[in-house]
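Biologist: I have a chain open and would like to go through it with you. Can you put it up?

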Amino acid sequence: NEISILENQIKTVEKNQLNYKIEKDLIKETYSTNYERINTIITIILGIIGVIGFIGIRDITSIKKEYLTELEKLKGLQVEFESKSKEFTVEKDKFDSEIRQILIENEEQNRKIKFIELKEKINSLLNENKIQDALEFVNAALVIEPEDRIVLRQKARIYVRLNLFPESLKVYEKLNTIFPDDTSIGLDNIECLYFANHLKDAKTLSEKYSDSLKAKEEGKLIQFLEAVELFHNKDSEKLLEKIKEFIDFENLEKIEKQFKTWDLKEAKYFIAYQPDSESKKLLQFYIWYLNGEVNGTKVCENLGIKTENK
């Protein structure tokens, strides 16, 4: 029995040895196969890396060449851009200058149009005897054109119509400074001085414009100014005699303006502001007669002039 047991044990050991050998061979074969497979895979991977590396190097060289080419193009574009930029700047400056010039011209045109509109409005208001409104428009116009001859004369005459002689004389002083050779301004100034009772200054200035005064209305303007002086002196008797010199006793019903070019509107305003007196009555009818508003008969009736005596 012991021998049999030992024999079984020996068989078992032999069997185990055989199984071990078989397993060892299987492991060895498996390892060998895996090793070859790993080598193959590594070889393939190295091959792929090599190919990729070759292609990559080639691509880098190609990219570098392309980059250099593009860089040169970019430099060329930069130079061209700078050139175009300079041209654009020049054109822009030119355009801006033209725009500014256009704006300046437009502003100047608008200013002139506005000034013309104001002048037309001034004339319209004066024709409607809206003196204070006209003065406001005159001041607005002078903001645009401070030295406009016509508007300044209108302002001076408006002040006369408002019985503001110091203000009027101040404007005439400015006009004489700007336009020293303008005879019409000088004659207007003389009339204003007579109205303001600045007789000494009026006669001094009259000497400067002596020829023009004599020629104006064939000397009738001088006679009118002398009548204004007689009014200030309250010499009604001499004033009445001067009025008689103007009356056409041959045609008392005739109504005709004695002054063809000289405007008596300021004279009418001047006498209207004066306090009632015999001298005022005489000068007022005298002005109306000169301005063709009443006939000789009306003057004689109101001033007590006998028509049978010339």
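Biologist: How many helices and how many strands are there in the chain?

Modeller: This is a predicted model, to begin with. The chain has 12 helices and 0 strands. Along the sequence the pattern reads α-α-α-α-α-α-α-α-α-α-α-α.

Biologist: What radius of gyration does the chain have, against a compact globule of 310 residues?

Modeller: The chain has 59 Å, whereas a compact globule of 310 residues would have a value near 19 Å. Along the principal axes, the C-alpha atoms fill a box of roughly 205 × 50 × 35 Å.

Biologist: What percentage of the residues count as buried?

Modeller: Of the 310 residues, 31% do. The accessible surface of the chain is about 21,100 Å², and carbon and sulfur atoms account for 55% of that.

Biologist: And the contacts between residues at least 6 apart in sequence, what share of them join residues at least 24 apart?

Modeller: That share is 63%.

Biologist: Which one gives the most?

Modeller: Helix α3 does, with 7 residues in the lining of the largest pocket.

Biologist: How does the lining split into nonpolar, polar and charged?

Modeller: There are 3 nonpolar, 3 polar and 7 charged residues in the lining of the largest pocket.

Biologist: Why does A272 count as partly exposed rather than buried or exposed?

Modeller: Because its relative accessible area is 47%. Buried would need a value under 20%, and exposed a value over 50%.

Biologist: What does A272 touch, leaving out residues up to four places away in sequence?

Modeller: On that count, A272 touches K280 and Q284.

Biologist: And D182, what separates its C-alpha atom from that of A272?

Modeller: The two C-alpha atoms are separated by 29 Å, and A272 and D182 are 90 residues apart along the chain.

Methods: Residues numbered from 1 in each chain as written. Predicted model: local features only at pLDDT ≥ 70, side-chain atom pairs only at ≥ 80, totals over all residues. Heavy atoms only, no water. Helix = DSSP H or I, 4+ residues; strand = E, 2+ residues; numbered from the N terminus. Nonpolar A, V, L, I, M, F, W, Y, C, P; charged D, E, K, R; others polar. Rg over C-alpha atoms; globule rule 2.2 N^0.38 Å. Buried < 20%, exposed > 50% of the residue type's maximum accessible area, 1.4 Å probe, protein only. Contact = heavy atoms within 4.5 Å. Areas by Shrake-Rupley, 256 points an atom, 1.4 Å probe, with all protein chains shown as cover.
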